[in-house]
Amino acid sequence: MRIVIAEDLALLRDGLARLLRDNDFDVVAEVADADALVHAVLRERPDLAIVDIRLPPTFRDEGLRAALELRGSAPETAILVLSQYVEHTYAAELLAQAGSSGGVGYLLKDRVLDAADFVEAVRRVADGGTALDPEVVSQLLGNRGSHRLDVLTPRELEVLTLMAEGRSNAGIAESLVLTVGAVEKHIASIFQKLQLPPSDTDHRRVLAVLAYLQER
Amino acid sequence: MSLTSPIRPLYQAQTYRNLLFLAAGIPIAAVVLGLVIAGWTSIAVLAITPLVVPLLLGYRALVGLLARGDAKLARSLLGVRPDPPAWSEGRGFWGRAKAVVLDPTFWRQQGYLLLRMTLGFAFAVGELALIAAAVSAVTLPIWYRWSAPEYGSWHADTLGRALMHVPVGAAGLIVAAWLARILGSFSAWQVRSLLGPRPAPATVDQQRRYRRRALWIDGCTALGLVVLTTLVWAVTGAGYYWPQWVLLPLALLFAIHAIVELVTTRLARRDQALAIHGGVVAALFLFLVAVWAVTARGYFWPAWTLLGLGSAVLLHWLITRNRRRDRLSRRVETLETSRLGAVEGQDAELRRIERDLHDGAQARLVALGMSLGMAEQKFESDPEGAQQLVAEARAGVAEALKEMRDLARGIYPPVLADRGIGAALETLADRSPLTTTVSVDLLERPPAPVETAAYFVAAEAMANAAKHSGAGRIDISVGRNDGMLEVEIHDDGSGGADAAGSGLAGLRRRVEALDGTLTVQSPAGGPTTIRAELPCAS
């Protein structure tokens, strides 16, 4: 699996590359700013670009903007945005502009501490899935519209949280130590209680859940 | 067109009503002439004394009275309903005088009266002369015996000849009737367009346009009158150029109007009074010099007026300069205080950040180093224990990262820089445990320091409400009003917030450093409203 990394801090960039290479990924380019990222992606056509949201010269959200631009010019490249902080509004923008095709992720940089989890998320996004930081999901769950989730059982709430992070049924089953069948039952119950439209892919499922959580 | 139609105006009541309105122009012209001359002469003479203010107001009242009276006459005789608009009123003593000079309604009314005085007078005289001539022609067969009129070699001294005048007179009457209708309609149009209401000016821009138009009307009326009188002068033999006595006062009037208009639109408020004073004196002086030039010349008497009026302007300038100096020194004092506050506030803020870093991240890194050191020692002897320590270290790093993130957000939330105060407050509201509404009404982003200060006012007020007040609900509104960014935070808690407490005092310093004001209303028992107004020059 071929990956391009855009991160302005050399320490982090090198660490990330080493972590990915140790896990048998092929890091084909490591760049430090948004222009170089766009060039590298158009040249290498990688499976995934890992992008820091803040890049030179203004250190605002040029990473995010470059990523959205790449969505149009290199749609086959999945995008994983990393950030020092997360905002659910940015997540919503990223998902909205990424369209319904999947292959997007938005994670805190802290997540690299748990290498196994991080690598799993990288793989999921590169395969066309979704990875949303638990912090984003908890922001959404804790917001002003969250009282509508009171109809869910605690277990269903756990399943909803993992679902919103973009995990597959198998992934949810593994982390909650349940069978896939039990997870499917919980999910059916959640969709029925919240009156969500049925979704054919994990990514569409994330969009549906997020749309629900963002209503106020 | 039937045969009777040419004479129809003769037996229609409207014709006679028009005639009445036109005839009224003669006495009205006399009154207007007296009013305008007496009014502006006394205003010009008293222009440098405070007496000019009541005089101007009184003059405007008389002009308004006359204009309204004529409008009433026009309503009953011509059937137009102009419904005169209200005057604009100023505030303060000199403000009232300025409001008169800038009042479009006043200038339109005066323009109307000047037209009524000249055009209206000419209409009335012409119409009445025509009627008199026609009536005398029609009645000639009755009175030719006593005084037969002569037109060159034509003597109407027999009944036959006198009878020949009758059809001419009758035709003259018909023409007079038609003329009365036409002039009446023209007068009605004049009344409608100059005394009628105009749409209320909704915006400052529109107000400015109306005032510009009033200046335009004033200039056109003056120019028209000068041209008219010059024509009359040329037709009547072009002797002594008397229309200069129309031209000069009207030019003075227009100059004053234009000076006030220009000064109020071009100059800063604090310079206006002096500029208007100086401008009016200069115009008056030029007027007097012109009067001197067109009269006997000789001894240059306007010098004395210049001396008198000029020293008044000089005095005004000195007073203004002193006052400005006072204002500046007061301003320096305020700035010194607020700058000291800003520096102190920054100091306190730096100390807080230093403490947070020292107690938080630094302590965590020490603990982390210890865990890793111990793990290193245990690698050989106790691999399981070492793994445990490494896992602990990793958890410590995660904690430290979270702390650092919170600290960074407290210093400057990134979303504020990226997306502006609206998004930043929404995020804040999402994190708040209380029900929080945010309404932001801004067309464009304010300057960064203002936006940051506004954000921290809201953030601190929200934190206070959550911590101390026992509030259940917070409403935040951000808007722009007259060049100020206004932030208001309202909570339904128990009130009693201490405006001198460290949190609010810090906010006050932050707001005052930007020349803003912070008001805290927090009676015991609640509710609490904190409001910051920050100037944002744009």
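Mentor: In this predicted model, the side chains of Arg352(B) and Asp356(B) meet in a salt bridge, with an N to O distance of 3.1 Å. Both residues belong to helix α10 of chain B, where 4 residues, about one turn of the helix, separate them. An α-helix has 3.6 residues a turn, so residues three or four places apart point the same way. Side chains of opposite charge can pair when their charged atoms come close. Arg352(B) is partly exposed, at 28% relative accessibility, and Asp356(B) is likewise classed as partly exposed, with a relative accessible area of 32%.

Helix α10 of chain B covers residues 302-381 and gives the most to a positive patch, contributing 3 residues. The patch is formed by Arg270(B), Arg323(B), Arg327(B) and Arg330(B). One of these, Arg270(B), lies in helix α9 of chain B, residues 269-294. Arg270(B) is exposed, because its relative accessible area of 52% is over the 50% that the class requires.

Chain B has a nonpolar patch on its surface as well. Val232(B), Tyr240(B), Trp242(B), Trp245(B) and Val294(B) form this patch, and together they have about 480 Å² of accessible area. Trp242(B) is found in the loop between α7 and α8 (244-266) of chain B and is partly exposed, with a relative accessible area of 34%. Helix α7 of chain B, residues 204-235, contains Thr221(B), which counts as buried at 10% relative accessibility. When neighbours within four places in sequence are left aside, the contacts of Thr221(B) are with Gly111(B), Leu114(B) and Leu115(B).

For chain B overall, there are 14 helices and 7 strands. Of its 538 residues, 38% are buried. The chain exposes about 29600 Å², with carbon and sulfur atoms supplying 65% of that area. Among its contacts with a separation of 6 or more, 69% involve residues 24 or more positions apart.

A search of the whole structure finds 35 of them over all chains. In chain A, the side chains of Arg65(A) and Asp61(A) meet in such a bridge at 2.5 Å, N to O. Arg65(A) is exposed, at 52% relative accessibility, whereas Asp61(A) is buried, at 2%.

Another pair in chain A joins two loops. The side chains of Asp133(A) and Arg111(A) form a salt bridge of 2.7 Å, N to O. Asp133(A) sits in the loop between β6 (130-132) and α6 (134-141) of chain A, and Arg111(A) in the loop between β5 (104-108) and α5 (115-126), so the pair ties together parts that are 22 residues apart in sequence. Asp133(A) is buried, with a relative accessible area of 0%, while Arg111(A) is partly exposed, at 28%. Chain A also holds a network of salt bridges, which links Asp117(A), Glu120(A), Arg124(A), Glu165(A) and Arg167(A).

After α8(A) comes Val177(A), which has a positive phi, near 55°.

As for chain A overall, it contains 10 helices and 6 strands, and 52% of its 216 residues count as buried. Its accessible surface comes to about 9300 Å², and 53% of this belongs to carbon and sulfur atoms. Of the contacts in chain A between residues at least 6 apart in sequence, 69% join residues at least 24 apart.

Technical notes:
Residues are numbered from 1 along each chain as its sequence is written. Chains are lettered from A and ligands numbered from 1 in the order in which they are written. This is a predicted model: local features need pLDDT of at least 70, side-chain atom pairs count only at pLDDT 80 or more; totals for chains, interfaces and linings use all residues. Side-chain values use heavy atoms; hydrogens and water are left out. Patches are made of residues with over 30% relative accessible area and no salt bridge: like charges are joined within 9 Å, nonpolar side chains (Val, Leu, Ile, Met, Phe, Trp, Tyr) within 5 Å. Accessible areas come from the Shrake-Rupley method with a 1.4 Å probe; for residues, only the protein chains shown count as cover. A salt bridge is a side-chain nitrogen of Lys or Arg within 4 Å of a carboxyl oxygen of Asp or Glu. Lys and Arg count as positive and Asp and Glu as negative; His and the chain ends are not counted. The place of a charge is taken as NZ of Lys, CZ of Arg, CG of Asp or CD of Glu. Buried means under 20% relative accessible area, exposed over 50%, partly exposed in between (1.4 Å probe, protein chains only). Contact means heavy atoms within 4.5 Å.
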